[in-house]
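I opened the notebook to look up a few places in this structure.

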Amino acid sequence: MTGTPEAGLSGTDEGESRSRRWRLVLGAPADTDLGGLDSADDVVMDRALSALYNADEQSPGTKRSAGLGGSAPRVARWLGDIRSYFPSTVVEVMQRDAVERLHLTQLLLEPELLEAVEPDVHLVGTLLSLNRVMPETTRATARTVVEKVVRDIENRIADRTVAAVSGALDRAARTARPRLRDIDWDRTIRRNLAHYLPEQRTVVPERLVGHGRKAKTVRRDVVLAIDQSGSMASSVVYASVFGAVLASMRSLRTSLVVFDTAVVDLTEHLHDPVDVLFGTQLGGGTDINRAIAYCQQLITRPAETLFVLISDLYEGGVRDEMLRRIATAREAGVQVLVLLALSDDGAPAYDHDNAAALDALGVPAFACTPDAFPELLAVALGRGDVAAWARTGIR
């Protein structure tokens, strides 16, 4: 259904293939115009699609009972069917639709069902929202699902993040008056090629470029404050993994807090992002002002601190006080960055008035994908122009 006709198909075969795909898309009502399904595989695929997307339809003269029903075994079989016949990207969409359309949230507390699902970021978000009501019999299975997604994200972003951040810190630490042993000869020669003396066959360096001496102490502090309201689920997952990666770097001191109307400091759990995630509680209200007030207590070196607020900016606390705290932090030398989302979910919903107010304070507020975040960190920690980076429009 999701592919293209194979090369070499005759006109008739290609037409039949197109009719088959449209029949699977449109369902049984299209039988009259497009014909039925011939193969057993197509019938299973059609049944899986119908159970999800035709659940509210009623056949004329009958009481059609489409849907996945209320039992975990039936849902588990359905999950097995879609994993057998659809690619993983389609499976993730269908799973997410099933939770939303057929109200399967409570069934996700069944270990049998969790073992059958295709783990993804959105499923992790759903599980975390059920964290407080999850029975112990399910918790171990849920942790396995969450851990698989976390490790996949780590494999995707960890090396690039460490390389980007380390490179930015090294560049920021370079000096123009290095000791002899600290001279970066390659960069020095390149920078002074205009001063090449042909008769001497040498370069006269007017400006030396040095490697920054690798500091034995922490170079920069990073404070991550993550909004854990329900709409921020994917951002919570990605930010927790990034926080753990940053915490593994000796050149950074990383703190991580999550907040709704309360604030929870999860810094001590950063050695394991799975522990961080199970320390969150998705849903509830939002008090950004209270979260910033707590984070201000963590900032001991303002000029060396990057404060990253990840929130859609729908403030339930005191808005004016929130803006005043951010302005005060900037005046003290803190580098402030606001991400409206850290996810692959597309353009986020957010409070436009608060975003505009932050922009007026000189604080950029924009969404960022996980793949672009390492580069953003490099720009910020290298003291580059984050706003100019964001305006490129490719994030």
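I call a residue buried under 20% relative accessible area, exposed over 50%, and partly exposed in between (1.4 Å probe, protein chains only). This is a predicted model, where local features need pLDDT of at least 70, side-chain atom pairs count only at pLDDT 80 or more, and totals for chains, interfaces and linings use all residues. Residues are numbered from 1 along each chain as its sequence is written, and side-chain values use heavy atoms, with hydrogens and water left out.

**Entry: Asp-81.** I found Asp-81 partly exposed, because its relative accessible area is 29%. Asp-81 sits in helix α4, residues 72-85. Helices (H or I, at least four residues) and strands (E, at least two) are DSSP runs, numbered from the N terminus. I then checked Ala-48: 33 residues from Asp-81 in sequence, 6.9 Å in space, C-alpha to C-alpha.

**Entry: Thr-202.** Thr-202 belongs to strand β2, residues 202-203. I read 34% relative accessible area, so Thr-202 is partly exposed. Skipping residues up to four places away in sequence, Thr-202 touches His-195, Tyr-196 and Leu-197. Contact means heavy atoms within 4.5 Å.

**Entry: cores.** A nonpolar core is a set of buried Ala, Val, Leu, Ile, Met, Phe, Trp, Tyr and Cys residues joined through side-chain atoms within 4.5 Å. I looked up the largest one: it has 65 residues, and Leu-127, Leu-339 and Leu-376 have the most contacts inside it. Helix α8 (residues 136-173) gives this core its largest share, 10 residues. Another core, of 24 residues, lies apart from it and includes Ala-225 and Ile-288.
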